[in-house]
Amino acid sequence: GDRQRRQAIRLLRLAQVVAGTVGPEPGGVRCAGADAAQLRLGIDRALSPREREVLALLAHGLTDREIAARLGISRRTATTHSGHVLSKLKLPNRAAAASLAVKAGLA
């Protein structure tokens, strides 16, 4: 419901702070309070199971072509999933996604 959506947004904001893609708001969430379980919860709520697989592979530095081969999908589909991961988590690039995945214990 609405409460879960607000919590997911808060956790994703926390993930963004931890990933270094945005700064903490004054008096707001501090990255020191983030733990892997909180980050995973936000990721789990934001991404589909396939997108979580892609995020974990991004954390290992795989290209879209390598992700496609690993998952048995087309390169274009892998590229689409990678784009959805970045968009849904509001991350600027694959490096930020990889950093977040590592901090969340997904890689």
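Is Glu53 buried, partly exposed or exposed, and what is its relative accessibility? Glu53 counts as partly exposed, at 37% relative accessibility. Here buried means under 20% relative accessible area, exposed means over 50%, and partly exposed is in between, using a 1.4 Å probe and protein chains only.

Before we walk on, a word about the model. The model is predicted, so local features need pLDDT of at least 70 and side-chain atom pairs count only at pLDDT 80 or more, while totals for chains, interfaces and linings use all residues. Residues are numbered from 1 along each chain as its sequence is written, and side-chain values use heavy atoms, leaving out hydrogens and water.

Let us start with the overall fold. The protein chain has 6 helices and 0 strands, following the pattern α-α-α-α-α-α along the sequence. Helices (H or I, at least four residues) and strands (E, at least two) are DSSP runs, numbered from the N terminus. Of the 107 residues in the protein chain, 36% are buried. Contacts, meaning heavy atoms within 4.5 Å, also tell us about the fold: among those between residues at least 6 apart in sequence, 61% join residues at least 24 apart.

Now look inside. A nonpolar core is a set of buried Ala, Val, Leu, Ile, Met, Phe, Trp, Tyr and Cys residues joined through side-chain atoms within 4.5 Å. The largest nonpolar core has 24 residues, and the members touching the most others are Ile43, Leu47, Leu55, Ile67, Val85, Leu89 and Leu91. At least two residues of this core come from each of α2 (36-46), α3, α4, α5 and α6.

How do the helices meet? Two packed helices are described by the angle between their axes and the distance between the axes. The axes are lines fitted to C-alpha atoms, for helices over the stretch in contact, and angles run from 0 to 180 degrees between N-to-C directions. Helix α4 (residues 64-71) packs against helix α5 (residues 75-88) at an angle of about 110 degrees, with the axes 8 Å apart. That makes α4 roughly perpendicular to α5, on a scale where angles under 35 degrees count as roughly parallel, over 145 as roughly antiparallel, 65 to 115 as roughly perpendicular and the rest as oblique. Asp64, Arg65, Ile67 and Ala68 of α4 make this contact with Arg75, Ala78, Thr79 and Ser82 of α5. By class, the residues of the α4 and α5 contact are 3 nonpolar, 2 polar and 3 charged. In this scheme Ala, Val, Leu, Ile, Met, Phe, Trp, Tyr, Cys and Pro count as nonpolar, Asp, Glu, Lys and Arg as charged, and the others, Gly among them, as polar.

Another pair to find is α3 with α6. Their axes come within 8 Å and cross at roughly 100 degrees, which makes α3 roughly perpendicular to α6. From α3 the contact uses Leu55, Leu58 and Ala59, and from α6 it uses Arg94, Ala97, Ala98, Ala101 and Val102. This contact of α3 with α6 has 7 nonpolar, no polar and 1 charged residues.

Charged pairs come next. Side chains of opposite charge can pair when their charged atoms come close. With a salt bridge taken as a side-chain nitrogen of Lys or Arg within 4 Å of a carboxyl oxygen of Asp or Glu, the count comes to 4 salt bridges. One of them brings us back to Glu53, which pairs with Arg50, the closest N and O atoms being 3.3 Å apart. Both residues lie in helix α3 (residues 49-59), 3 residues apart, about one turn of the helix. Arg50 is partly exposed, with a relative accessible area of 29%.

Another salt bridge joins Lys88 to Glu51, with the closest N and O atoms 2.9 Å apart. Lys88 lies in helix α5 and Glu51 in helix α3, so the pair ties together parts 37 residues apart in sequence. Lys88 is partly exposed at 38%, whereas Glu51 is buried at 4% relative accessibility.

Asp64 also forms a salt bridge, with Arg94, at 2.8 Å between the closest N and O atoms. Because Asp64 lies in helix α4 and Arg94 in helix α6 (residues 94-103), this pair ties together parts 30 residues apart in sequence. Asp64 is buried, with a relative accessible area of 14%, and Arg94 is partly exposed at 30%.

Finally, visit His81 in helix α5. His81 is buried, with a relative accessible area of 16%. Leaving aside neighbours within four places in sequence, His81 is in contact with Arg50, Glu51, Val54 and Ile73.
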